[in-house]
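Open the model in your viewer and keep the selection tool at hand. The tour moves from the whole chain to single residues.

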Amino acid sequence: MNISFIGAGKVGTSFGIYLKEKGIKISGYFSENLEDTKIASFKTKSNVYKNIKDLVNNSDIILITTNDDSIKSIKDKFIEEIKYDLKYKIVAHMSGSYSSHVLEDLKKYDCYTYSIHPLQSFADIDTSVEKLYNTVFTIEGCKEKVNIIENLLDKTGNKYFKIDTNYKELYHAGACVV
């Protein structure tokens with residue numbers, strides 16, 4: 001299973017390092033900031049992708065770990081540039097506030113969309129990696145292939161629960177209060 005990240009900030013880099021520490025291979029990173037991409041790739045011993053198309057072609061699971069405002073533009077870029085390369089792939093974002101519906105348009109290209117949310121804040125990379133060992137995740141999205149996401153989290157040893165897409169906003173509001 002090849003896992004790649006679009007977004008090499010605190011969330012993407014921390015989660016990539018964490019997965020690598022758990023023995024899960026990371027394919028690589030793409031980010032608008034090439035320096036961040038190089039740092040995340042170095043820390044995870046993975047590839048630096050200079051464009052999204054190459055990343056998608058070398059990935060089974062694509063995790064979008066950008067800020068929330070960029071998720072829709074990445075989805076639009078997928079549709080404009082690489083829609084036919086998405087067949088059978090898993091595309092997930094790690095936003096707490098958006099449900100998988102933000103990626104809904106991608107389903108017509110035969111991929112599977114999810115939201116995978118770690119219930120923690122990401123102040124800095126080192127602290128965030130350490131906190132991930134005890135973090136609970138939520139999964140919401142397609143029913144098909146959700147077992148692959150569950151198997152990934154089973155390999156890490158993290159607890160997780162699935163939520164109904166209709167309750168994602170309520171979940172996020174509750175998480176913010178906590």
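**Stop 1: the whole chain**

Select everything. This is a predicted model. Along the principal axes, the C-alpha trace spans about 40 × 35 × 30 Å. How does the radius of gyration compare with that of a compact globule? For 178 residues the globule value would be near 16 Å, and the protein has 15 Å, which agrees.

Switch to a surface. The protein exposes about 8900 Å², and carbon and sulfur atoms supply 49% of that area. Of the 178 residues, 49% count as buried. Next, consider contacts between residues at least 6 apart in sequence: 58% of them join residues at least 24 apart.

Colour by charge. There are 24 positive and 24 negative side chains. The centres of the two sets lie 4 Å apart.

**Stop 2: the aromatic cluster**

Select Phe5, Phe15, Tyr18, Tyr29, Tyr133 and Phe137. Together they form one aromatic cluster. The structure as a whole holds five aromatic pairs. Two of them are visited here.

Zoom in on Phe15 and Phe137. Their ring centres are 5.6 Å apart, with 45° between the planes, and the pair is tilted. A tilted pair is one whose angle falls between the stacked limit of 30 degrees and the edge-to-face limit of 60. Which parts of the chain does this pair tie together? Phe15 sits in helix H1 (residues 10-21) and Phe137 in strand S7 (residues 137-141), so the pair links parts that are 122 residues apart in sequence. Are these two residues buried or exposed? Phe15 is buried, at 2% relative accessible area. Phe137 is also buried, at 0%.

Now move to Tyr18 and Tyr133. The ring centres lie 4.9 Å apart and the planes stand at 90°, so this pair is edge-to-face. Tyr18 belongs to helix H1, while Tyr133 lies in the loop between helix H5 (125-132) and S7, so the pair joins parts 115 residues apart in sequence. Show the surface again. Tyr18 is buried, with a relative accessible area of 0%. Tyr133 counts as partly exposed, at 35% relative accessibility.

**Stop 3: Lys131**

Select Lys131, in helix H5. What does Lys131 touch, leaving aside residues up to four places away in sequence? The answer is Gln120 and Ser121. Draw a C-alpha distance from Lys131 to Ser121: the two are 9.0 Å apart in space and ten residues apart in sequence. Lys131 itself is partly exposed, with a relative accessible area of 35%.

**Stop 4**

Turn to the backbone. Most residues other than glycine have a negative phi. Two exceptions to look at follow.

Select Tyr88. It lies in the loop between helix H4 (68-82) and strand S5 (90-93). Phi of Tyr88 is near 70°, a positive value in a residue other than glycine.

Then select Asp110. Where does Asp110 lie? It is in the loop between S5 and strand S6 (112-118). Phi of Asp110 is positive too, near 65°. The residue is partly exposed, with 41% relative accessible area.

**Stop 5: Ser95**

Stay in the loop between S5 and S6, where Ser95 is also found. Is Ser95 buried or exposed? Ser95 is buried, at 4% relative accessible area. The C-alpha atoms of Ser95 and Gly141 are separated by 13 Å, and the two residues are 46 apart along the chain.

**Stop 6: Asp164**

Finish at Asp164. This residue is in the loop between strand S8 (160-162) and helix H7 (168-177). Asp164 is partly exposed, at 39% relative accessible area. Asp164 and Ile139 are 8.8 Å apart in space and 25 residues apart in sequence.

How values were computed
Residues are numbered from 1 along each chain as its sequence is written. This is a predicted model: local features need pLDDT of at least 70, side-chain atom pairs count only at pLDDT 80 or more; totals for chains, interfaces and linings use all residues. Side-chain values use heavy atoms; hydrogens and water are left out. Rings of Phe, Tyr and Trp (its six-membered ring) pair if their centres lie within 6.5 Å; planes under 30 degrees apart count as stacked, over 60 as edge-to-face and the rest as tilted. Helices (H or I, at least four residues) and strands (E, at least two) are DSSP runs, numbered from the N terminus. Buried means under 20% relative accessible area, exposed over 50%, partly exposed in between (1.4 Å probe, protein chains only). The radius of gyration is taken over C-alpha atoms; the globule rule is 2.2 Å times the number of residues to the power 0.38. Contact means heavy atoms within 4.5 Å. Accessible areas come from the Shrake-Rupley method with a 1.4 Å probe; for residues, only the protein chains shown count as cover. Lys and Arg count as positive and Asp and Glu as negative; His and the chain ends are not counted. The place of a charge is taken as NZ of Lys, CZ of Arg, CG of Asp or CD of Glu.
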